Amino acid sequence: MHGARSGATKTAPDWPIFAIVVSRENQVNEPSPKGEGLQLRLKAACCLESTGSRSRQSLRLEGEGFADSLEKWTMKTLGILGSTREGGNTEILLDAALDEARQEGGSARKIALRDKVIAPCNGCMSCAPAGECILRDDMQEVYQAIRESDSIIWASPVYYWSMTGLAKIALDRTFALNFPTLQQAGKIGGLILVAGIRGCVSAANPFHMYFLYNHMFAAEFTWGYAADKGAIRSDLTAMNMAREMVRQMRALFRAKLRYPEEFDKPLHRLVRERYGA
Ligand SMILES: Cc1cc2nc3c(=O)[nH]c(=O)nc-3n(C[C@H](O)[C@H](O)[C@H](O)COP(=O)(O)O)c2cc1C
């Protein structure tokens, strides 16, 4: 980190200059081959403080618009795990994905639905006007986590050509987030499915419709085949797909895709409002 020049004696803290290339929309991008874009210059100081036997290292970064740019650049990922088997195949793939999500300054959180008490949606439709579910259970924590995240990875084993009951109950409860406008619009979707021998594609379908309906932007999905607990580790394609899927999600996140404002609701609701039927 230090820009020490050989032979130079340092009497003052060294302040190496870092540069991050941001686009004209103030969005952090990879530097283009032509070197286009606005340069954000940062000052960084690395300090080593010693108190008795303890020492602490700290890194300070300063620069105009740095906090804003960092916020736009780093992705907050939520992993929602619908497997009942602790340390099972789905969790192994999700952990690999979340590990990748923590790269490049990102943060990741996992919610294992098996540890939560979540009732099935009772269909009361009380959520319709305000987007709040009246059921006071652990789903409230999931709602909060979803709202705070930039990207959401749903991960489920395949049970009878579909997702697990745990995953379906939680997915149904996200219905509340469709109101008053689509609260998940613009978030990035990721999906991990593991089957013993078959069923990943049919299990993926409701998730993909969910991403579409919510105006989310989905990466391709990760699937793998393994029956015994832990056996997915030898499906190297699945293990690598979990990581690459997150790299794809990060690229989608940085692209800052949004539906135009006039489409801030599902198509059928928009049509009903505009045409009355
Ligand atoms: C109730 C149940 C239903 C299942 N249904 C299917 C299925 O339809 N297709 C399939 O290939 N595997 C099926 N399996 C196998 C699981 O998908 C497989 O063992 C998976 O690796 C479990 O993931 P986990 O380790 O995360 O729990 C089923 C397993 C259970 C317990």
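Visitor: What kind of model is it, and what does the pLDDT average over the chain?
Guide: It is a predicted model. The chain averages a pLDDT of 85, and 75% of the residues score at least 70.

Visitor: Where does pLDDT stay under 50?
Guide: It stays under 50 over residues 1-39, for which the model has 47 contacts beyond four places in sequence. Where pLDDT is low, the predicted coordinates should not be read in detail.

Visitor: How many helices and strands are there?
Guide: The secondary structure comes to eight helices and nine strands. The chain has 277 residues, of which 30% count as buried. Among contacts with a separation of 6 or more, 72% are between residues 24 or more positions apart.

Visitor: Which residues of α7 are buried?
Guide: They are A238, M241, A242, M245, V246, M249, R250, L252 and F253. In an α-helix there are 3.6 residues a turn, so residues three or four places apart point the same way.

Visitor: What do those buried residues of α7 pack against?
Guide: They pack against helix α2 and the strands β6 (151-157), β7, β8 (217-218) and β9 (222-225). After α7 comes K256, whose phi is positive, near 50 degrees.

Visitor: Which members of the largest nonpolar core touch the most other members?
Guide: L93, A97, I192 and L193 do, in a core of 53 residues. The largest share of this core, eight residues, comes from α7.

Visitor: And what does L93 touch?
Guide: Leaving aside residues up to four places away in sequence, L93 touches A155, I192, V194, T222, G224, I232, A238, M239 and A242. Two of these, A238 and A242, are buried residues of α7.

Visitor: Now the ligand. Which residues come nearest?
Guide: G88, T90, P157, A195 and G196 come nearest, of the 20 residues around the ligand. The elements that give two or more residues to this shell are α2 (89-101) and β7 (188-195).

Visitor: Which element gives the largest share of the shell?
Guide: That is α2, with three residues.

Visitor: And the shell by class?
Guide: The shell around the ligand has ten nonpolar, six polar and four charged residues.

Terms used: Residues are numbered from 1 along each chain as its sequence is written. This is a predicted model: local features need pLDDT of at least 70, side-chain atom pairs count only at pLDDT 80 or more; totals for chains, interfaces and linings use all residues. A residue is near a molecule or strand if its C-beta atom, placed from the backbone, lies within 6 Å of it. Helices (H or I, at least four residues) and strands (E, at least two) are DSSP runs, numbered from the N terminus. Ala, Val, Leu, Ile, Met, Phe, Trp, Tyr, Cys and Pro count as nonpolar, Asp, Glu, Lys and Arg as charged, and the others, Gly among them, as polar. A residue is buried if 20 or more other C-beta atoms lie within 10 Å of its own, exposed if 12 or fewer, and partly exposed in between; C-beta atoms are placed from the backbone. Two residues are in contact if their C-beta atoms, placed from the backbone, lie within 7 Å. pLDDT is the predictor's confidence in each residue, from 0 to 100. A nonpolar core is a set of buried Ala, Val, Leu, Ile, Met, Phe, Trp, Tyr and Cys residues joined through C-beta atoms within 7 Å.
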